[in-house]
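Visitor: Please take me through one part of this model in detail. I would like to look closely at the nonpolar core and what surrounds it.

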Amino acid sequence: MNLPALDGNIALTVISESILTTKKVRLRPLQESDLAQFQRWLADDELRRWLGSVNEQPSVAEEFDWYVSRRQDPDSILWSIESADGTLLGNVELRLSALNRRAEVAIGIFDREQWGKGYGSEAMRLVLDYAFGELKLNRVELATDEENTRAIRSYEKCGFVREGLLREHRLIDGRPVDSVAMAVIRSDWEGR
Ligand SMILES: CC(C)(COP(=O)(O)OP(=O)(O)OC[C@H]1O[C@@H](n2cnc3c(N)ncnc32)[C@H](O)[C@@H]1OP(=O)(O)O)[C@@H](O)C(=O)NCCC(=O)NCCS
């Protein structure tokens with residue numbers, strides 16, 4: 001199969017400016033001014049447990065270091081997710097492997113009051129359309145806890161296919177937890 005050419009530099013120049021919108025959500029480049037709210041939300045044990053990226057609430061300084069590291073990483077594309085009225089909800093990141101025309105996606109609606117209202121799926125669909133449409137990627141993948149049924153349902157609604165079980169992939173409070181590997185490949189997206 002012939003895939004369209006992907007020039008990582010051009011793609012990144014475009015995406016760093018990209019604002020993606022539907023009637024329900026708006027994705028815009030993550031700004032330093034978002035960090036204080038993210039840091040406060042990360043006091044939520046359940047949020048951190050599902051995100052799987054931080055064990056404890058980060059300090060303001062740690063949150064800032066994370067932001068700087070992402071900005072300096074040419075393979076990271078990071079948006080804040082807002083509702084249509086501009087209320088901050090969370091963020092979503094693509095981590096590119098340009099060589100393989102692949103990206104890993106990580107998403108979080110950080111405000112738990114907003115879980116299950118369709119924001120995550122809508123944001124993910126925008127990211128997938130951007131990844132396959134603008135960036136010409138061939139595959140977008142993720143792994144999530146098998147126990148994270150809300151996330152799995154959301155990803156399935158967006159066209160992610162379960163590819164396998166990563167046994168004892170994470171340790172949560174010392175307890176081994178399986179993860180589900182999921183992905184959308186280009187032909188899935190084209191046939192949606
Ligand atoms: C995962 C996440 C991004 C999904 O976004 P969301 O806006 O909450 O999801 P949506 O409302 O678009 O879709 C959720 C679906 O799961 C269903 N659902 C809600 N709670 C559920 C539960 N406990 N078990 C199973 N399904 C559930 C909803 O009904 C909806 O399906 P439907 O549209 O068929 O009714 C968001 O919940 C989140 O950020 N959670 C905390 C962090 C996290 O888990 N991040 C992902 C790590 S891989």
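**The core and its surroundings**

Guide: The largest nonpolar core has 37 residues. Those with the most contacts inside this core are Ile-81, Val-92, Ala-123, Val-127, Leu-128, Ala-131 and Val-140. A nonpolar core here is a set of buried Ala, Val, Leu, Ile, Met, Phe, Trp, Tyr and Cys residues joined through C-beta atoms within 7 Å. Buried means that 20 or more other C-beta atoms lie within 10 Å of a residue's own, with C-beta atoms placed from the backbone.

At least two core residues come from each of β2 (25-29), β3 (76-83), β4 (88-97), β5, α5, β6 (139-145), α6 and β8. Helices (H or I, at least four residues) and strands (E, at least two) are DSSP runs, numbered from the N terminus. α5 gives the most to this core, with 9 residues.

The model is predicted; local features need pLDDT of at least 70, side-chain atom pairs count only at pLDDT 80 or more, and totals for chains, interfaces and linings use all residues. Residues are numbered from 1 along each chain as its sequence is written.

Take Val-127. Leaving aside neighbours within four places in sequence, Val-127 is in contact (C-beta atoms, placed from the backbone, within 7 Å) with Val-92, Leu-94 and Val-105.

Now the sheet. Its 8 strands form an open sheet in the order β1-β2-β3-β4-β5-β6-β8-β7, with mixed pairing. Two strands pair if DSSP finds at least two bridges between them. β1 (20-21) and β7 (161-172) stand at the edges, each with a single partner strand, so one side of each lacks a neighbour in the sheet. β7 pairs with β8 (residues 175-185) in the antiparallel sense, over 8 bridges. Leu-166 stands opposite Ser-179 in β8.

Definitions and conventions
Buried ≥ 20, exposed ≤ 12 C-beta atoms within 10 Å, placed from the backbone. Contact = placed C-beta atoms within 7 Å.
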